[in-house]
Amino acid sequence: MSEEDPVEQEVRPESVRAIRLGHGANCSSIGSVVDTLFASAVIGGAVLAAVLAAMRKEPITVVGRPEVSQPDLIERDANTREGPQ
Amino acid sequence: MDVGSVACEPSYALWLRVMLVLAVALFFTRIAHAQAPPPSFFAGRTNDELRALASDAHNDVLLRRGAATKLVMTLADDGEFDAADAAGQEFAKNIDSGAIKHAKAVRRRSHVHVAAMGALGVALGIAVLSLVAAHRLLAGALRSVRGIAPVVTFFLLYTGLVGGYLASRYENSSSLPFVLFAAFMLPLVAIFRAWSAVGSPRLAARTGRALAAVASTLALAFLVVEHINPTFLEGFGL
């Protein structure tokens with residue numbers, strides 16, 4: 001066994017053809033993991049945005065008891081049509 | 001043993017001749033003495049200088065290849081795609097194939113960039129115009145946005161923080177794409193929810209809004225990653 005660093009023995013500068021820069025450099029599997037993670041986040045966001053954009057209008061909800069009942073309204077409407085005599 | 005060694009003698013002679021011919025051929029084609037220059041050798045050189053280096057037949061083959069490769073990649077990065085293609089064809093016999101792929105990818109990326117800007121602009125423009133036209137309903141639309149706030153906040157925090165944390169755990173990865181994507185998605189989703197609150201409830205209109213939302217989200221993701229580091233897009237062929 002030599003006393004030199006085994007890594008230096010194995011990889012010599014003239015043996016290096018290319019060095020990749022960026023995420024997961026020189027290791028395609030790590031790059032793929034991060035790419036997949038980001039792609040899944042984007043797809044999830046797209047689904048969320050699509051669902052929200054396709055939602056219907058807010059339904060109108062009447063809260064509380066109406067002050068005038070339906071029969072009273074009909075009667076008032078009839079009186080209005082007859083007009084002041 | 002003797003029989004075996006005698007049988008191999010013609011084979012040795014043949015290989016010696018082949019090696020001799022190869023050595024002479026390599027010597028005359030100057031490949032034997034060629035050595036690839038370091039990237040710093042090409043740094044700062046103009047395109048004309050790179051073209052001259054790549055064209056000079058007196059330079060060794062690796063120097064010419066490096067110059068041609070650098071020329072094509074520089075032209076592509078500067079947006080001169082036609083010039084990059086022309087240079088790629090001119091030096092096709094002695095160029096790194098990665099440079100041609102890079103030029104094609106950058107051209108594709110520029111097309112996707114235009115499409116993304118268009119999709120985002122059109123979708124947001126229509127949404128904002130709809131909101132302005134229905135300004136009397138804005139109070140109800142704001143109530144609708146508030147109604148979905150918890151779900152959206154949870155999703156975007158999960159995407160930005162958890163996704164960013166997982167990405168940052170890898171060696172040279174960055175959490176920035178996740179965080180920025182989540183940050184820009186928040187107003188986008190709010191606008192689309194407000195649009196759906198004031199927009200038409202018909203099926204065609206809802207489908208159109210959904211498609212616009214999907215296109216805008218994909219466009220936003222592309223623009224974020226392109227802005228942070230375009231090399232992140234290599235995994236997607238861009």
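# Notebook: a predicted two-chain model

**Entry 1. Chain A, elements.** I started with chain A. Its secondary structure comes to 3 helices and 0 strands. The order from the N terminus is α-α-α. I noted that this is a predicted model, and I turned to confidence next.

Entry 2. The mean pLDDT of chain A is 68, and 40% of its residues score at least 70. I looked up the elements one by one. Helix α1 of chain A, residues 6-10, has the lowest mean pLDDT, 57. The highest belongs to α2(A), at 82. As a caution to myself: where pLDDT is low, the coordinates should not be read in detail. Chain A has 85 residues, and 20% of them count as buried.

**Entry 3. Chain B, elements.** I moved on to chain B. I found 9 helices and 0 strands there. From the N terminus on, the run is α-α-α-α-α-α-α-α-α. Of its 238 residues, 30% are buried. I also checked contact range. Among contacts in chain B between residues at least 6 apart in sequence, 65% join residues at least 24 apart.

**Entry 4. Chain B, confidence.** The mean pLDDT of chain B is 84. Residues scoring at least 70 make up 92% of the chain. Where in chain B is confidence lowest, and where is it highest? Helix α1 of chain B, residues 2-28, is lowest with a mean of 71. The highest mean, 93, is that of α9(B). I then checked the start of the chain. Residues 1-6 of chain B have a pLDDT below 50.

**Entry 5. The complex.** I then looked at how the chains meet. On the chain B side, 41 residues are in contact with 27 residues of chain A. Three helices of chain B each supply at least two residues of the side that touches chain A: α7 (138-168), α8 (176-198) and α9 (203-228). I sorted this side of chain B by class: 22 residues are nonpolar, 14 polar and 5 charged.

**Entry 6. Cores.** Which residues of the largest nonpolar core touch the most other members? In this core of 45 residues, they are A:A49, A:A53, B:F181, B:F192, B:L220 and B:A221. Both chains contribute. α2 (28-53) of chain A supplies at least two residues, as does each of α6 (97-133), α7, α8 and α9 of chain B. The largest share is that of α8(B), with 13 residues. I followed up on B:A221. Leaving aside neighbours within four places in sequence, B:A221 is in contact with A:V42 and B:F181. There is also a second, separate core, of 18 residues. Among its members are B:A67, B:V72, B:I95 and B:A103.

**Entry 7. Helix α7(B).** I looked along α7(B) for bends. A kink of about 50° lies at B:A149, shortly before the proline B:P150. I then listed what is buried in α7(B): B:A141, B:S144, B:F155, B:L156, B:T159, B:G160, B:G163, B:G164 and B:A167.

**Entry 8. Helix α3(B).** Which residues of α3(B) are buried? I found B:L50, B:L53 and B:A54. Seen down the axis of α3(B), the buried residues fall within an arc of 95°, so they line one face of the helix. I checked what covers them, and the cover includes α2 and α4 of chain B.

**Entry 9. Two single residues.** I picked B:T46 first. It sits in the loop between α2 (39-42) and α3 (47-55) of chain B. Is B:T46 buried or exposed? B:T46 is exposed, because it has 10 other C-beta atoms within 10 Å, and the cut-off for exposed is 12 or fewer. I also took a distance. B:T46 and B:T74 are 28 residues apart along the chain, and their C-alpha atoms are separated by 9.4 Å.

B:D77 came next. Its place is in helix α4 of chain B, residues 61-77. B:D77 has 13 C-beta neighbours inside 10 Å, so it counts as partly exposed. From C-alpha to C-alpha, B:D77 and B:H102 are 8.9 Å apart in space. In sequence, B:D77 and B:H102 are 25 residues apart.

Definitions and conventions. Residues numbered from 1 in each chain as written. Chains lettered and ligands numbered in written order. Predicted model: local features only at pLDDT ≥ 70, side-chain atom pairs only at ≥ 80, totals over all residues. Contact = placed C-beta atoms within 7 Å. Helix = DSSP H or I, 4+ residues; strand = E, 2+ residues; numbered from the N terminus. Nonpolar A, V, L, I, M, F, W, Y, C, P; charged D, E, K, R; others polar. Core = buried A, V, L, I, M, F, W, Y, C linked by C-beta atoms within 7 Å. Bend = angle between axes of the 7 residues up to and from the residue. pLDDT = per-residue confidence, 0-100. Arc of directions from axis to C-beta.
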